[in-house]
Amino acid sequence: MTRPLVAVILLLVTVSCQKPVKPGDPLPGLARAERDRFDRGKVVFDSVFTPETGLGPLFNATGCGECHENPAGGRGDEVEVHATAFHAPVCDPLAQEGGPVIQQHTTPALKQALGIDQEPFPPSATGRAMRTSPVIFGRGLLDLVPDSVLLAYADPDDRNHDGVTGRPNRFVDGRIGRFGRKAFVPNLREFNAGAFAAEMSVTSPEQPTEETIGGKPIPPGVDPAPDPEISQQTLDLTDDFVRFLAPPTPLKLGKDGEHGRELFSQIGCATCHIPTLRTGYSPVPALSNQAFSAYTDLLLHDMGADLADICLGLASPTDFRTEPLLDLRGAEHFLHDGRATTLEQAIELHGGEGSGARDRFKALSAADRAALVAFLKSL
């Protein structure tokens, strides 16, 4: 029996003794004060911003909950646009032209001033990416997996000759990245503050400067709210809400699902989608030294030319972070851009380092493929 399979069985035995966690629930075991911050943070997460309270003048959404919904923290149906320029081996995020996130909406004041409905697409871009809104359950746990664990899973030279060469991305200052489809942002705190700025153009004490309009300054008079547009307390509460969102408990498996879980490991899916990770120390006991369902190694993998789009940091256009397989039972679209409408399609679109597991999946009998999909639909 392989180590990933043993780990996931032990985790399932542990969680089977606890009350099941539903999508959108807080982590079990939060102290009363922590649960209060989770509840207060959810109010901010669900709030709707207006130009008078900080929205825009460019934006993708009017609030966190517009994209992460059903329930709060879940996935949405929005698809946004990213752009970068890749001149190997250098990746340019095109910040001087409004990249990498290209906002798709404008406030009425900006439209009146410039006559535009969205941010101009950067003329220097060599790649365009479409991005769906993923679930953000379990992100506080992923934030606390020690860097040493991720590095232990990395195999950039493929020393075991399995065709899988995971490696970490790194932020501009050299820190290991783990958040975002390209694993560029090092920690959850920065990712959450960045989402306010990039998705809603809402400034905070941690990101107090408005983004440009395609690299050009914001016209006078179109942004009525003074910077920073939310307080440190508001940012802190939102961060706590996201940090304390729990990964949902997998559904109980039948015989086919149990067989599918074994196949998941046997054909190599668990090489990248590692079923169980463990956090390091946290002053919050509910987050500290916790084993949890992750189904990711948070590393970059070359997924082949057919999925390629943009670069980011050390990630080339073909490199993507292993997606955490959480709340798949609620998904209707799959992969980073939502191009797959079934789990079978998502698996069959794996290329590059994922091609071995893909080919072994395609070689299974129809009954075995169905069993593996039944397992995935339990997550």
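Author: Start with F196 and leave out its neighbours within four places in sequence. F196 is then in contact (heavy atoms within 4.5 Å) with F49, C64, S201, V202, I230, L235 and T238. The model is predicted, so local features need pLDDT of at least 70 and side-chain atom pairs count only at pLDDT 80 or more, while totals for chains, interfaces and linings use all residues. Residues are numbered from 1 along each chain as its sequence is written, and side-chain values use heavy atoms, with hydrogens and water left out.

F196 is part of the largest nonpolar core. Such a core is a set of buried Ala, Val, Leu, Ile, Met, Phe, Trp, Tyr and Cys residues, joined through side-chain atoms within 4.5 Å. Buried means under 20% relative accessible area, exposed over 50%, partly exposed in between (1.4 Å probe, protein chains only). The core has 43 residues, and L27 and F196 touch the most other members. Helix α7 gives the most, with four residues. Helices (H or I, at least four residues) and strands (E, at least two) are DSSP runs, numbered from the N terminus. A separate core holds 22 residues, including A270, F334, F361 and L379. In soluble globular proteins, nonpolar side chains tend to be buried together.

Helix α2 (residues 32–46) meets helix α8 (residues 232–243) at an angle of about 110 degrees, with the axes 7 Å apart. That makes α2 roughly perpendicular to α8. The axes are lines fitted to C-alpha atoms, for helices over the stretch in contact, and angles run from 0 to 180 degrees between N-to-C directions. Under 35 degrees counts as roughly parallel, over 145 as roughly antiparallel, 65 to 115 as roughly perpendicular, the rest as oblique. On the α2 side, the contact uses R37, F38, R40, G41, K42, V44 and F45. On the α8 side, it uses Q233, T234, D236, L237, T238, D240, F241 and V242. By class, the contact has six nonpolar, four polar and five charged residues. Here Ala, Val, Leu, Ile, Met, Phe, Trp, Tyr, Cys and Pro count as nonpolar, Asp, Glu, Lys and Arg as charged, and the others, Gly among them, as polar. T238 also touches F196.

Next, the cysteines. The whole structure has one disulfide, meaning a pair of cysteine sulfur atoms within 2.5 Å. It joins C91 to C311, S to S 2.1 Å. The torsion about the S-S bond is about 85 degrees, so the disulfide is right-handed. The pair links distant parts of the chain, 220 residues apart. C91 sits in strand β3 (residues 90–92), and C311 in the loop between β9 (300–302) and β10 (319–321). Both ends are buried: C91 at 16% relative accessible area, C311 at 0%. C67 is in no disulfide, and the nearest cysteine sulfur, that of C64, is 8.9 Å away. C67 is buried, at 9%. The sulfur of C272 is 9.1 Å from the closest cysteine sulfur, in C269, too far for a bond. C272 is buried too, at 14%.

Then the backbone. Most residues other than glycine have a negative phi, and most peptide bonds are trans. The peptide bond from G56 to P57 is cis, with omega near 20 degrees. P57 lies in the loop between α2 and β1 (58–59). The bond from A88 to P89 is cis as well, with omega near 5 degrees. P89 is in the loop between β2 (79–87) and β3.

Two residues other than glycine have positive phi: D158 near 50 degrees and L298 near 60 degrees. D158 lies between α6 (147–153) and α7, in the loop. L298 is in the loop between β8 (291–293) and β9. D158 is buried at 15%, and L298 at 1%.

Last, E353. It lies in the loop between α10 (343–348) and α11 (355–362), and is buried at 11%. E353 and G163 are 190 residues apart in sequence, yet 5.9 Å apart in space, C-alpha to C-alpha. Not counting residues up to four places away, E353 touches G163, V164, T165, G166, H301 and D302.
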